[in-house]
Amino acid sequence: MGNATISNSGTAYTARNVDYNGLLGAGASTGFGFLGSWNGTNTAPSLTCTAS
């Protein structure tokens with residue numbers, strides 16, 4: 001990803017902003033795109049979003 005730093009712990013992955021795009025003013029909004037796929041018998045992945 002070009003606009004996030006990805007890390008993982010077990011099966012959980014975290015995407016955090018990179019230094020140059022980490023600040024939003026009061027009342028501002030942003031978007032986040034996620035492209036993924038899976039196959040086989042594993043459960044489909046889920047996505048959660050948490051502001052910090």
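Q: How many helices and strands does the secondary structure of the chain come to?
A: The model is a predicted one. Its secondary structure comes to 0 helices and 2 strands.

Q: What is the radius of gyration of the chain, against what the globule rule gives?
A: The radius of gyration is 14 Å, whereas the globule rule gives 10 Å for 52 residues. The former is well over the latter, so the chain is more spread out than a compact globule.

Q: And what box do the C-alpha atoms fill?
A: Taken along the principal axes, the box is roughly 45 × 20 × 20 Å.

Q: What percentage of the residues count as buried?
A: Of the 52 residues, 4% are classed as buried.

Q: What does the accessible surface come to, and what share belongs to carbon and sulfur atoms?
A: The chain has an accessible surface of about 5100 Å². Carbon and sulfur atoms account for 51% of that area.

Q: Back to the strands: parallel or antiparallel?
A: Antiparallel: strand 1, residues 4–9, pairs with strand 2, residues 12–17, over 6 bridges.

Q: How many residues lie between them in the hairpin?
A: There are 2 residues between strand 1 and strand 2 in the hairpin. Gly-10 belongs to the turn and has a positive phi of about 65°.

Q: Which residue stands opposite Ser-9?
A: Ala-12 of strand 2 is the residue opposite Ser-9.

Q: And opposite Ile-6?
A: Ile-6 faces Ala-15, which is also a residue of strand 2.

Q: Changing topic, which residues form the nonpolar patch on the surface?
A: The patch consists of Phe-32, Phe-34 and Leu-47. Together these residues have about 340 Å² of accessible area.

Q: Where is Phe-34 placed?
A: Phe-34 is in the segment after strand 2. Leu-47 likewise lies in the segment after strand 2.

Q: Is Leu-47 buried or exposed?
A: Leu-47 is exposed, since its relative accessible area is 54% and the class requires over 50%.

Q: What separates Leu-47 from Asn-17?
A: Their C-alpha atoms are separated by 17 Å, and the two residues are 30 residues apart along the chain.

Q: What about Thr-30: buried or exposed?
A: Thr-30 is exposed, with 67% relative accessible area. This residue is found in the segment after strand 2.

Q: Last one: where is the place of Asn-39?
A: Asn-39 is in the segment after strand 2. At a relative accessibility of 66%, Asn-39 counts as exposed.

Q: What separates the C-alpha atoms of Asn-39 and Gly-27?
A: A distance of 39 Å separates them, and Asn-39 and Gly-27 are 12 residues apart along the chain.

How values were computed. Residues numbered from 1 in each chain as written. Predicted model: local features only at pLDDT ≥ 70, side-chain atom pairs only at ≥ 80, totals over all residues. Heavy atoms only, no water. Pairing = 2+ DSSP bridges. Helix = DSSP H or I, 4+ residues; strand = E, 2+ residues; numbered from the N terminus. Patch = residues over 30% accessible without salt bridge, like charges linked within 9 Å, V, L, I, M, F, W, Y side chains within 5 Å. Areas by Shrake-Rupley, 256 points an atom, 1.4 Å probe, with all protein chains shown as cover. Salt bridge = Lys/Arg side-chain N within 4 Å of Asp/Glu carboxyl O. Rg over C-alpha atoms; globule rule 2.2 N^0.38 Å. Buried < 20%, exposed > 50% of the residue type's maximum accessible area, 1.4 Å probe, protein only.
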